[in-house]
Amino acid sequence: MQRIRLRYTKRGRLRFTSHRDFQRAFERALRRAEVPMAYSAGFTPHPKVSYANAAPTGTGSEAEYLEIALTETRDPDKLRELLDESLPAGLDIIDAVEARTSGLADRLTASVWELRLDGVDPADAERAVEAFKAADVVEVQRRTKNGMRTFDARSAVASLETHSETQSPQADRPTDQPCAILRLVVRHVTPAVRPDDVLSGLRAVADLAPPVAAAVTRLAQGLFDEETGTVTDPLAPDREAVTAVPPSHEEAVAASATAKAPA
């Protein structure tokens, strides 16, 4: 059984698709692309697809991940192209690699988010950011299925900065009004701290309240490097494992024949 790990996006209006909406669209794409999927056992078999840490509904993303299991071997790049063609624009498969290591979900320990605050003066956003970072604890509330829950939004934020302009061409830009752009790295903790929790924290410490809903985009997610403060590519270990694997007997024979062929 071959396992393929995919990176996909949620762009533009399709950021409003729920995780269940994407699941249905992806399973249809698997059928259209005639992917030889492995299925679970039991009375209601399902294709073996593992999703990892999906972004909340309403947020865009450049870095969503999933893993599929196949009954036949396929080239990851060709499989990516077939699936991308079978999905609507905005739900784009942008990377694929054969799984050569375990624990993909364990390598998703932090996310890089971009928040566009239209109608907010960058200087006001900068003051709010400094107040947030200076605080030891920033308590926020979120309604859950068990009622309101209070938790600290500050401890999960590894970094929070203002940016003069976006580096994400896919981010929504609905108006030409003044716009503050925030870039933050959030550790994946329990309870999860989401971008809207950080916005609630900025409101609590500095009364920063954007006049319209923030446009939120996940730019990356992966293993958080404590030394550099960066988020690394979670598919890199699989790529490195592929290059480290010695060639098969058939590949070695083919390479030897090519080398001996006359010029």
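Helices (H or I, at least four residues) and strands (E, at least two) are, in what follows, DSSP runs numbered from the N terminus. The structure is a predicted model, in which local features need pLDDT of at least 70 and side-chain atom pairs count only at pLDDT 80 or more, while totals for chains, interfaces and linings use all residues. Residues are numbered from 1 along each chain as its sequence is written, and side-chain values use heavy atoms, with hydrogens and water left out.

Let me turn to the interior. A nonpolar core here is a set of buried Ala, Val, Leu, Ile, Met, Phe, Trp, Tyr and Cys residues joined through side-chain atoms within 4.5 Å; buried means under 20% relative accessible area, exposed over 50%, and partly exposed in between, with a 1.4 Å probe and protein chains only. The largest such core has 26 residues, and L115, L117, L160, L182 and L202 have the most contacts inside it. At least two of its residues come from each of strand 5 (110-118), helix 3 (122-134), strand 8 (157-163), strand 9 (179-187) and helix 4 (195-206). A second, separate core has 21 residues, including A25, L30, L66 and L87.

Consider L115 itself. Neighbours within four places in sequence aside, its contacts (heavy atoms within 4.5 Å) are A180, I181, L182, L184, P195, L199, A215 and V216.

I close with the backbone. In the loop between strand 9 and helix 4 we find P191, joined to T190 by a cis peptide bond with omega about 0°. E34, in the loop between helix 1 (19-32) and strand 2 (49-52), is not a glycine, yet its phi is positive, near 55°. E34 counts as exposed, at 66% relative accessibility.
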